[in-house]
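Please examine the sequence and structure first.

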Amino acid sequence: MAKINYKMINEIKEQSKVVRKVIGRHTEGGKIVFGEFKKVAGEFAKIKRFIFLGCGSSYHAALYGNLVFEEVTKLNCEAEFADEFNKRNPVIESNTAIVILSQSGETKEAIKAAKIAKQRKVLVVSITNNKKSKLAKLADVNIDQEAGKEIAIPATKTFTSQLLLLLLLALYARQIGGSGSSGFIKELEKLPKNIRYIIAEGKKIEILALKIKKQKDLMILGDKFNYPIALEGALKLK
């Protein structure tokens, strides 16, 4: 009989609470709010290009960030492994923001990428689950994932938090450009309930998981916004 990872199951169940907390922190009166950008508001408003960096699960979140920012802001965006970014001499124009994702904030390659970006004198934004981490301290702006301590090795609530924060940040950039966000916020407010509904189907999910466990090979498919999620699903199953 398979050994059950109760720590991971508990963290999966905490996703609804984390999502509600993140939405509550970054929405107010039908608008997206990021007080973290108060000191660099003028600089952020001038950004014309976003580069998203990460490793492992955070790289998959970076890929999602690239897709959602292009869709929402219509600005030039790209995503890359932090270690690959560090190995070359990247072209980084002024009015560029480097968004670096690291759940721990201590990922070696993420920290190195932040130092390179700082040398180029562009805006560095970190999204971490540890506001006292090296990456958080290096960045011009650090956004706390609000996920609380994650003990299980496969990212659960921290990955979900990263995806949500990237969407909210994209909407914030769009809002600065003069577009409204109230319609998006109404939809986002449904997320905690929808997550609870899915998790409540635990028995059905368990039956499906036992079937998948017996398979020799498994292919996960997804396009556009679901492509990074498919990659993350494959990583978790591996």
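In which helix does Lys17 lie? Lys17 lies in helix 2. The model is predicted: local features need pLDDT of at least 70, side-chain atom pairs count only at pLDDT 80 or more, and totals for chains, interfaces and linings use all residues. Residues are numbered from 1 along each chain as its sequence is written, and side-chain values use heavy atoms, leaving out hydrogens and water.

**Positive patch**
- On the surface, Lys17, Arg20, Lys193 and Arg196 gather in a patch of positive charge (residues with over 30% relative accessible area and no salt bridge, like charges being joined within 9 Å).
- A salt bridge is a side-chain nitrogen of Lys or Arg within 4 Å of a carboxyl oxygen of Asp or Glu.
- At least two residues of this patch come from each of helix 2 (15–26) and helix 10 (191–199).
- Lys17 has a relative accessible area of 49% and is partly exposed (between the limits for buried, under 20%, and exposed, over 50%, with a 1.4 Å probe and protein chains only).

**Strand 3**
- Strand 3 (residues 49–54) is largely enclosed by the rest of the structure, because six of its six residues are buried.
- Arg49, Ile51 and Leu53 cover one side and Phe50, Phe52 and Gly54 the other, all of them buried.
- Strand 3 pairs with strand 4 (residues 76–81) in the parallel sense over six bridges (pairing requires at least two DSSP bridges).
- Gly54 is opposite Phe81 of strand 4.

**Nonpolar patch**
- Leu208, Ile212, Leu218, Ile220 and Leu237 form a nonpolar surface patch with about 430 Å² of accessible area together (nonpolar side chains are joined within 5 Å).
- Ile220, in the loop between helix 11 (202–213) and helix 12 (226–237), is partly exposed at 33% relative accessibility.

Technical notes
Areas by Shrake-Rupley, 256 points an atom, 1.4 Å probe, with all protein chains shown as cover. Lys, Arg positive; Asp, Glu negative; His and termini not counted. Charge placed at Lys NZ, Arg CZ, Asp CG, Glu CD. Helix = DSSP H or I, 4+ residues; strand = E, 2+ residues; numbered from the N terminus.
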